Amino acid sequence: MRINRVILSVALVVVALVVQVSVLARLQLPGAVPDLVLLTVLGLALVYGHLGGAFVGFGAGLLSDLAPPADHAAGRYALVLCLVGYAAGLAKPDHGRLRSATGPMVVVVCAAIGSTLLYAGVGALVGDTAARHVGLSNLLFTAAVYDLLLAPFTVPLIMAIARRAENDPLADTSSGTGARKGGGIAAGWLSGGTGLSIGNQRGGLRVKAARNRAARAGRIKGVKRL
């Protein structure tokens with residue numbers, strides 16, 4: 001990964017981990033805890049692709065394994081997020097443009113369910129049966145619901161930041177406005193048929209009209225000189 005991707009990924013993952021541990025984990029919601037780190041990995045994977053998603057997922061999972069109050073073996077969540085990041089990166093849209101919100105929502109639900117199953121499966125292999133006592137079906141349902149509710153306010157914003165850091169021209173057309181207004185991002189992501197395409201169409205029309213006027217004025221001056 002390029003150095004700017006590494007720096008941005010580390011910053012976003014650390015912020016997400018701090019918010020998750022200090023805020024979301026203290027809400028005492030029934031079932032699972034909203035996984036902001038997972039959503040951060042998904043947002044970056046949808047921009048960086050499968051290899052970048054795997055690297056980001058491994059690093060984010062390793063930080064989660066080492067951050068207190070982690071009570072499981074180090075490397076367990078790193079393996080889970082590495083696989084999830086790789087799989088999510090395979091769903092990276094062509095040319096980086098999301099045409100609909102359906103695809104990302106499906107990715108979020110599959111990632112929430114898949115990460116919970118993988119985490120429980122790896123725990124069963126190492127002798128951790130905590131998920132069995134809590135109720136795996138309850139964890140799967142609540143994880144999917146919480147992450148799906150939180151995703152419209154996080155995944156599009158993370159994707160917009162990643163694209164802007166990459167100097168991606170799509171950042172100015174499809175996500176530039178969304179990077180500044182979280183509410184607009186959520187509305188655009190959930191609106192049917194628009195997805196994350198939140199480009200400033202009025203600004204584009206104004207620029208086009210200005211260019212047409214300049215070209216017309218140039219032609220008129222050329223005729224007068226003749």
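Helix 4 and helix 6 (residues 136-150) of this predicted model pack at an angle of about 145°, with their axes 9 Å apart. Axes are lines fitted to C-alpha atoms, for helices over the stretch in contact, and angles run from 0 to 180 degrees between N-to-C directions. Helices (H or I, at least four residues) and strands (E, at least two) are DSSP runs, numbered from the N terminus. The crossing of helix 4 and helix 6 is right-handed; a crossing is right-handed if the near helix is turned clockwise from the far one by less than a right angle, and left-handed if anticlockwise. On the side of helix 4, the contact (heavy atoms within 4.5 Å) involves M105, V108, V109, A112, I113, T116, L117 and A120, which meet L136, L139, L140, A143, A144, D147 and L148 of helix 6. By class, 13 nonpolar, 1 polar and 1 charged residues take part in the contact of helix 4 with helix 6. Ala, Val, Leu, Ile, Met, Phe, Trp, Tyr, Cys and Pro count as nonpolar, Asp, Glu, Lys and Arg as charged, and the others, Gly among them, as polar.

Residues are numbered from 1 along each chain as its sequence is written. Local features need pLDDT of at least 70, side-chain atom pairs count only at pLDDT 80 or more, totals for chains, interfaces and linings use all residues, and side-chain values use heavy atoms, with hydrogens and water left out.

Helix 4 (residues 102-125) also packs with helix 3 (residues 76-89), at an angle of about 150° and with the axes 9 Å apart. Helix 3 and helix 4 are therefore roughly antiparallel to each other (angles over 145 degrees count as roughly antiparallel, under 35 as roughly parallel, 65 to 115 as roughly perpendicular and the rest as oblique). The crossing of helix 3 and helix 4 is right-handed. Helix 3 contributes R76, Y77, L79, V80, L83, V84 and A88 to the contact, and helix 4 contributes V107, A111, S115, L118, Y119, A120, V122 and G123. These residues divide into 12 nonpolar, 2 polar and 1 charged.

The count of aromatic pairs comes to 1, where rings of Phe, Tyr and Trp (its six-membered ring) pair if their centres lie within 6.5 Å, and planes under 30 degrees apart count as stacked, over 60 as edge-to-face and the rest as tilted. Y77 and Y119 form this edge-to-face pair, at 5.9 Å centre to centre and 85° between the planes. The pair links Y77 in helix 3 with Y119 in helix 4, 42 residues apart. Y77 is buried at 11% relative accessibility, whereas Y119 is partly exposed at 25%; buried means under 20% relative accessible area, exposed over 50%, and partly exposed in between (1.4 Å probe, protein chains only).

A78, also in helix 3, is buried, with a relative accessible area of 0%. Not counting residues up to four places away in sequence, A78 touches G57, F58, G61, L62 and D65. The C-alpha atoms of A78 and A60, 18 residues apart along the chain, are separated by 6.8 Å.

Q28 has a positive phi of about 55° although it is not a glycine. Q28 lies in the loop between helix 1 (3-22) and helix 2 (36-66) and is exposed at 75% relative accessibility.

The protein chain comes to 11 helices and 0 strands, and buried residues make up 40% of its 226 residues.
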